[in-house]
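Subject: Structure for your files, with notes

Dear colleague,

I am passing on the structure we spoke about, together with some notes on it. Please read them alongside the coordinates, which follow here.

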Amino acid sequence: MPFRPRTAVSGAILATAAVLLCPAAAAARPAAAPAPPGWSAAPAPGDGATPSAQDRPYFYLEGAPGTVMNDRLSLRNPTGRAVTVRLRGSGAWIAFAAKEVTVPPRTRAAVPFTVTVPRDAAPGDHRATLVATAAGPGRGAAGRDTVPVHLRVSGPVLAALTVENVSVRGRGEAAVIRYTLVNRGNTVLTPRLAVRADGFFGPVLRRGVRTLPGRLSPGQSAELTERWADPPGLDAVEVRLTVTADGGAHGSATASYTALPWGVVAGPAFLLAAGAGGLVIVRRRRRAQVPGGLQGGGPVGSADGGTRPSGRQAADPEAELASTGSGARS
C-alpha cells in the first residue's frame, strides 16, 4: 500500500494528543470511595412502624398498662471483620432476645426485644434508650451507639406543673431570681414562663411568656435562674413567676425582695447607736451625784453591826464608855 503523508501526519497528531491527555484523564477520575464506616444500631424497618421505616430515627411504641410490645433493633456491620455487640435497655421494661450478638462482615442483623408495660404504670409519656456496645474495637475509640425509645402509656393524661423555692439574690447592678420547676403530672411537658415584679411605686419588671429550653418528664424537677439586669435600688418588691404548659398545666409562686442602699441602712443605725450611748453617759453621771452635795449617800455600818445615817454626828466617845461602865456595875 502506498504511503500517504497526510494520513501519517494525522495519526501522529492523534497519538501525541492521546499521550498528552492521559495524565489529565487520570486526574479527572473520581477519588477512590472512602472506607465504609463502622457498625451502627438503628430501628429495624418494616412491621408498620410509626414513624415510617424510611425516617425512623427512634422507636415509638404505645400501649395500655399490662401490655407487651415487640420491636427489633437493626445492627449494621459494613466493615470487613465481625463485630460482637452487647445490648441492654436503660429501663426495666425492656428485654432483648439476646444480650450479645456477633454480626459478620458486611451484613445486617435484626435483634428482637420486648417492652412490658407494668399494670400500675402511669398513663402518659415515658422515655428509655437502647444501648449497643462493641465488645472489641469495632467502632474505634467510641464502640457505643444508642437509640431513643419513646413510649406512651394510654389512659387519662394529667398535665400538672408547679414552680417552687422562688428567691431573689443580689444587689446593685444585677440580681438573680432562682426557682424550681416540678412536673407533677404523668406526661412530658415543655414549660413556658412569665415574670413580673411590682414595687411600692408600681411595676418594676415585666417579661412576657416565653418557652423554656428543655422538657420535663413526669416527676422530674429542674432548678433554673433568671437574671435581673436592673433591679431597683430602693424599693420593696414582690416577684411573681407564672409557668404554663400544654394540657392545662399552670402554676405560680412569689418572693419578696427589699432593696435598700447601704447609706439608708447605716445612717439610722449610727444615729440609734449614738443616742443610746448618750443616754448611758447621762444616767451614769446622775447616779454619781448625791442629794445635798454629799458624796456616798449610802448607809454606814456601826461598830455593833447596826447602821446609822452618814450625815449624823457621832456621840462623845467618853460618854458612851461611861454609860457602858455604869451598866456593867449594876
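The structure holds 4 aromatic pairs, where rings of Phe, Tyr and Trp (its six-membered ring) pair if their centres lie within 6.5 Å, and where planes under 30 degrees apart count as stacked, over 60 as edge-to-face and the rest as tilted. Before going further, please note that this is a predicted model, in which local features need pLDDT of at least 70 and side-chain atom pairs count only at pLDDT 80 or more, while totals for chains, interfaces and linings use all residues. Residues are numbered from 1 along each chain as its sequence is written, and side-chain values use heavy atoms, with hydrogens and water left out.

One of the pairs is formed by Phe-59 and Phe-113, whose ring centres lie 5.0 Å apart with their planes at 85°, so this pair is edge-to-face. Phe-59 belongs to strand 2 and Phe-113 to strand 7, 54 residues apart, and the pair thus links distant parts of the chain; strands here are DSSP runs (E, at least two residues), numbered from the N terminus. Phe-113 also pairs with Phe-96, this time in a tilted arrangement, at 5.5 Å centre to centre and 50° between the planes. Because Phe-96 lies in strand 5 and Phe-113 in strand 7, that pair ties together parts that are 17 residues apart in sequence. Ring pairs link Phe-59, Phe-96 and Phe-113 into a cluster. Phe-59 counts as buried at 0% relative accessibility, and Phe-113 is buried with a relative accessible area of 2%, where buried means under 20% relative accessible area, exposed over 50% and partly exposed in between (1.4 Å probe, protein chains only). Phe-96 is buried as well.

In the largest of them, which has 28 residues, Leu-73, Leu-75, Leu-87, Phe-96 and Leu-130 touch the most other members. Strands 2, 3 (68-77), 4, 5 (94-96), 6, 7 (107-116), 8 (124-134) and 10 (144-153) each supply at least two residues of this core. A second, separate core of 27 residues includes Val-168, Ile-177, Leu-205 and Leu-216.

As for the sheets, 5 strands form an open one in the order 2-10-8-4-6, with mixed pairing; two strands pair if DSSP finds at least two bridges between them. Strand 2 (59-63) and strand 6 (100-103) stand at its edges with a single partner strand each, so one side of each is left without a neighbour in the sheet. Strand 4 (residues 83-89) runs antiparallel to strand 6 and is joined to it by 4 bridges, with Thr-84 opposite Thr-102 in strand 6. Strand 3 is joined to strand 7 by 10 bridges, again antiparallel, and there Ser-74 has Ala-110 of strand 7 as its bridge partner. Strand 1 (residues 40-43) is joined to strand 3 by 4 bridges and runs antiparallel to it, with Ser-40 opposite Arg-76 in strand 3.

Finally, Pro-232 is found in the loop between strand 15 (221-228) and strand 16 (235-245), and is buried with a relative accessible area of 18%. Pro-232 and Ala-259 are 27 residues apart in sequence and 6.7 Å apart in space, C-alpha to C-alpha.

With best wishes

How values were computed
Core = buried A, V, L, I, M, F, W, Y, C linked by side-chain atoms within 4.5 Å.
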